[in-house]
Amino acid sequence: MPLIPEVGRDTFKSRALLAFIFAVLVVGVVLHLFPVLWMISASFKPTHEIFEDPGRLIPQDPSIASYRLLFGTHRISQLFRYPMWYYIVNSVFIATATVAIQIPITMLLAYAVSKLHKGWTKTLLFYFAIGTLMIPSEISTIPRFLLLSHFPWPTRDIPNIPFINAEAPAISFIGTYMGVILPASFNAFNFLLFKGFFDTLPNALFESARLDGASEWRVVVSLLVPLSYPVLMVTIYFAFVAAWNSFLTPYIILMNEQEKWPLSVVLYQMSRFLTGWNMPEAAQASLEQLEMMRLGIGFNALMALSIIESIPLFLLFVAFREEIMKGVRLQGLK
């Protein structure tokens, strides 16, 4: 339903309101696009030009040196021991593996709560699932680290087996990809999206499939998944974006394993290095800083890396924009 009905739009009051709304939207778009345009412009500028005229969007001496440097096959400094494409592959692997684990688990739990459980078990599972939304992720950082340090024991020390003077078996996920992926194996927000959509599906569809002899897995694969295609695309997109942009968990778990860093950690390390360098004389800089200066690495490379990190998310949204818009509306069967 339009904000202003078609009938009566020719009046001066309606035209003035439309003009005001259009002006507000234009200002909002400009305010949102200016940082993006500045980031793109800065990635093509030399570092000195960024500081000399920071408000200028058109570079005076444009160059793709920062992109060429980032996509080179050699490491750019002592700060990073591997080429940038190595970290890009890490981000792709972590995000893809997170989606592959999180979506089936979240979807099946939402299906069980919506269509299989009844009474108090349904209520208990529902509140247990959405209860994770009430706990900020920062609060659970330390318990999560302890749990991943010697899984499945969420304590500082591994307990002993009763009556035996030996430690209980435990697995450490610190410094591994699974230490980043496992904490994201369930998402309460995507659970609410799935359950809200499943509640709109008639139970008669699933009952008829079971009467025809279909197993529960057959019902899920052949009936539930095709009907849930729009909301499935939305949750996949949200899960991929969250995993791609995740920083705190990879930074803590993979702190000492640089070969497994995603781009988010690399961006932080480069930003911290550049913003922390406030020495007036280049002679006082460390060897790493001098090497980065020689290679031309500065805020232009940081902006270029930020753009590179944003490209997969932009392409993913463009590729699935129709499904995402359908899924956001969460329309069931008409």
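What you see is a predicted model, in which local features need pLDDT of at least 70, side-chain atom pairs count only at pLDDT 80 or more, and totals for chains, interfaces and linings use all residues. Residues are numbered from 1 along each chain as its sequence is written, and side-chain values use heavy atoms, with hydrogens and water left out.

The protein has 16 helices and zero strands (DSSP runs of H or I with at least four residues, and of E with at least two, numbered from the N terminus). Of its 334 residues, 36% are buried, meaning under 20% relative accessible area. Among contacts (heavy atoms within 4.5 Å) between residues at least 6 apart in sequence, 66% join residues at least 24 apart.

Now follow helix α11, residues 229-245. Its 17 residues should span 24 Å at 1.5 Å a residue, and its end C-alpha atoms are 24 Å apart, which agrees; the expected span is 1.5 Å times one less than the number of residues. Buried residues of α11 include V231, Y237, F240 and W244.

One partner to look for is helix α15, residues 299-319. The axes, lines fitted to C-alpha atoms over the stretch in contact, lie 11 Å apart at an angle of about 180°. The two helices are therefore roughly antiparallel (over 145 degrees). Here Y237, F240, V241, W244 and N245 of α11 meet E309, P312, L313, L316 and F317 of α15.

Methods: Buried means under 20% relative accessible area, exposed over 50%, partly exposed in between (1.4 Å probe, protein chains only). Axes are lines fitted to C-alpha atoms, for helices over the stretch in contact, and angles run from 0 to 180 degrees between N-to-C directions. Angles under 35 degrees count as roughly parallel, over 145 as roughly antiparallel, 65 to 115 as roughly perpendicular and the rest as oblique.
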